[in-house]
Amino acid sequence: MLGGMLVFALSAARLAHASQRNAVITHNVAHADTPDFRAQDVAAFDFERMVAGTPLQPKATRPGHAVGPSPFGPPEVEVRDAPATDEAPNGNTVSLEEQMVLAAETRGDFELAATLYAKHLSLLRTAIGRDGR
C-alpha cells in the first residue's frame, strides 16, 4: 500500500540496496583468507534512475478511479568485482580495513533510509488524525 507513494518506494529501494550491499560486504569478510578470492561490491544506488520517467500519477480514492502501474519495481542491484587496491601474496584482494569502512557507510545509508521512512510514516499518521506515534 505505501509502496505506491514516492517517498516510501524510494526509501524501501534504498533499504533493499543497503541490505544487499551489507550481504556482499559480509561475504567478502568471510573470505578474507581464501586464496584467489576477489572482493566484490555493489554498484552505487542510482537515485536519478529511480525517479527518471516516473511522473506523479493520481491515486484512486474511489472504486471507479483509474490507477496506473506502480512506478517502482524491485531494485536492480549490480554486484561486481571491487577495484583492487592491494593483492595479498595468495591472490586475495579483500582488505578488512576497506570492508569495515564500507560497512560503516552502508550502516549510515540504511539508518538514513529507515529514519526517512519512519518520519514520513509518522507524518502520514498525523495527517489522518492519529498522534504520529
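pLDDT is the predictor's confidence in each residue, from 0 to 100.

**View 1. Confidence across this predicted model, from helix α2 to helix α3.** Helix α2 (residues 47–51) has the lowest confidence, a mean of 63, while helix α3 (residues 96–127) has the highest, at 92.

**View 2. Helix α3 from end to end.** Here you can follow the 32 residues of α3, whose end C-alpha atoms lie 46 Å apart. That agrees with expectation, because 1.5 Å a residue should give a span of 46 Å. Beyond the helix comes Gly 129, with a positive phi near 100°.

**View 3. The buried residues of α3.** Look for Gln 99, Leu 102, Thr 106 and Ala 113, which are the buried residues of this helix. Their packing partners are α1 (6–30) and β1 (40–42).

View 4. Gln 99 counts as buried because its relative accessible area is 3%, under the 20% cut-off. Its side chain makes a polar contact of 3.1 Å with the side chain of Asn 28. Setting aside neighbours within four places in sequence, Gln 99 also touches Ile 25, Val 29, Ala 39 and Val 94, along with Asn 28.

View 5. Away from its neighbours within four places in sequence, Leu 15 is in contact with Phe 110, Ala 113 and Ala 114. For scale, the C-alpha atoms of Leu 15 and Thr 106 are 9.8 Å apart, although 91 residues separate the two along the chain.

Note on methods
Residues numbered from 1 in each chain as written. Predicted model: local features only at pLDDT ≥ 70, side-chain atom pairs only at ≥ 80, totals over all residues. Heavy atoms only, no water. Helix = DSSP H or I, 4+ residues; strand = E, 2+ residues; numbered from the N terminus. Expected span 1.5 Å × (residues − 1). Buried < 20%, exposed > 50% of the residue type's maximum accessible area, 1.4 Å probe, protein only. Contact = heavy atoms within 4.5 Å. Polar contact = N/O pair within 3.5 Å; in protein donor to acceptor, adjacent residues only side chain to side chain.
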